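Visitor: I've got a model open and would like to talk through its pockets and charged pairs. Could you walk me through them?

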Amino acid sequence: MILSWRSRRNSKKNKIPSQEINSDMEISNPRHFCCPISLDLMKDPVTLSTGITYDRESIEKWIEEGNLTCPVTNQVLASYDQIPNHSIRKMIQDWCVENRSYGVDRIPTPRVPVTPYDVSETCKRVNDATRRGEQKKCRELVRKIKNWGKESERNKKCIVENGAGCVLSACFESFASVSVGKDEDLLGEILSVLVWMFPLGEEGQSKLGSVRSLNCLVWFLKSGDLSARQNAALVLKNLLALDQKHVSALVGIEGVFAALVKLIKEPICPTATKASLMAIFYMTSPSSLNEKMIPMFVEMGLVSVIVEILVDGDKSICEKALGVLDHICDCKEGREKAYENALIVAVLIKKILKVSGLASELSVSILWKLFKNSQYRPEDDDAEGGVVVEALQVGAFQKLLVLLQVGCGESTKEKLKELLKLLNLCRVRLDCFDSTADFKYLKRSY
């Protein structure tokens, strides 16, 4: 009996390790399944002319960086062809399935990358369908290009390099001239693809920047769904960044100012807000034409909206909002509206040395424009001070002095010195506090 019990006990002990799996065990990837460059499990293994297999993404990045050799053998590549290694890919997938109990996810079968020939042929078909006015056929082809782009960044690059942007811009202009409402689905699809196709070629830019195309873009800004409004703002921003001549074409289109401001007042997402701010930034850039646009944006309450954004906006939004406000303060109407805002000085001082170097320089530029054109004159006994005194009260002198000590661009430094001189004269006149330590440094700075 004792022998039998011991045998059963030993049998049970020996059985546990072979039948039970420890879920806490870590499993390492087989070395021959890993890319020699990234050392990660290969998702899309391809073989070069040297016979070495790499993950497609890693070897493409290696070649794009200008390397002409095989990373492992150091041989000069006879060709850059990348042949899919289906055998090792299937072995990797089988290994993933076998080890899924250890938390290993199966790598999906990669799609075949799009080729320049595929893009060229599809673009020809888009051109033909556009000439014949076949809206349905165009929509199918545009969706095909869109789906290619979703698969990988490599596909996007191939699509852009083979002229799809110009073809889609021409298609957009052609159907925009007929009826926007009738072809809204197609035009919306084109916009969603054009977002990542910039910079366009000269011909594509001309097509998308035509009056008909711009009218259609503004229509989407005003009347499209949330996604279409965002895409329209992004495309308009990218277009204005290419050439200021498109600004003059926008002036005569009704509703463009209100549509852009509405996207900021009633934000649908950070991307749309940033795109609208940048579009307004390009539309208000210093020029005789753009200066006429600033009062229109001011009348729509853009100054107060920007100040609200600056209170709790992130770095990217704050920089763009400050850039727009800096342009607005070039105009008398813009400065007058800024003077009326009780928060503007405090918010600008708060952003210095807190957001970024660019935000600090833009804040100084805005303050300099406000101070330079204010009614305050230190030599006048009856001067009330206005924004200058307000700036002193929120600690502007100390903040600007620190910025001068930390360092900034030459143009900003000159503005800083002017601001500090005016602030110091103001506080001495008002006998605000002893300024010996700060004044000594300020004196050395001039």
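Visitor: What volume does the largest pocket have?
Guide: First, this is a predicted model, where local features need pLDDT of at least 70, side-chain atom pairs count only at pLDDT 80 or more, and totals for chains, interfaces and linings use all residues. Residues are numbered from 1 along each chain as its sequence is written, and side-chain values use heavy atoms, with hydrogens and water left out. A pocket here is an open set of points on a 1 Å grid over the protein atoms alone, where a 1.4 Å probe fits, with protein on both sides within 12 Å along at least five of seven lines; points are joined across faces, edges and corners, and the volume is the space filled by probe spheres set on them. For the largest pocket that comes to about 560 Å³.

Visitor: Which residues lie closest to the centre of the largest pocket?
Guide: Lining residues are those with an atom within 4 Å of a point. The largest pocket has 20 of them, and the closest to its centre are D44, R56, E57, E151 and S152.

Visitor: Which helix gives the most to the lining of the largest pocket?
Guide: Helices are DSSP runs of H or I with at least four residues, strands are runs of E with at least two, and both are numbered from the N terminus. Both α2 (56–64) and α6 (153–161) supply at least two lining residues. The top contributor, with 5 residues, is α2.

Visitor: How many charged residues are in the lining of the largest pocket?
Guide: The classes are simple: Asp, Glu, Lys and Arg are charged; Ala, Val, Leu, Ile, Met, Phe, Trp, Tyr, Cys and Pro are nonpolar; the others, Gly among them, are polar. The lining holds 5 nonpolar and 3 polar residues, and the charged ones number 12.

Visitor: Which helix gives the most to the lining of the second largest pocket?
Guide: That pocket has a volume of about 360 Å³. Of its 13 lining residues, the closest to the centre are E60, E64, Q82, R154 and E161. α2 and α6 each supply at least two of the lining residues, but the most, 4 residues, come from α6.

Visitor: What is the distance between the closest N and O atoms of D44 and R56?
Guide: A salt bridge is a side-chain nitrogen of Lys or Arg within 4 Å of a carboxyl oxygen of Asp or Glu, and the count comes to 17. D44 and R56 form one of these. D44 sits in the loop between α1 (2–19) and β1, while R56 is in helix α2, 12 residues apart. Their closest N and O atoms are separated by 2.7 Å.

Visitor: Is D44 buried or exposed?
Guide: Buried means under 20% relative accessible area, exposed over 50%, and partly exposed in between, using a 1.4 Å probe and protein chains only. Because its relative accessibility is 14%, D44 counts as buried.

Visitor: Which residues join R143 in one salt-bridge network?
Guide: R143 forms a salt bridge with E189, with the closest N and O atoms 3.1 Å apart. R143 lies in α5 (residues 135–151) and E189 in α8 (residues 184–194), so the pair ties together parts 46 residues apart in sequence. Bridges that share partners join R143 into a network with K146 and E189.

Visitor: Which residue's backbone nitrogen lies 3.1 Å from a polar side-chain atom of N155?
Guide: N155 is found in helix α6 and counts as buried because its relative accessibility is 1%. Leaving aside neighbours within four places in sequence, N155 is in contact (heavy atoms within 4.5 Å) with P113, V114 and W148. The backbone nitrogen at 3.1 Å belongs to V114.

Technical notes:
Polar contact = N/O pair within 3.5 Å; in protein donor to acceptor, adjacent residues only side chain to side chain.
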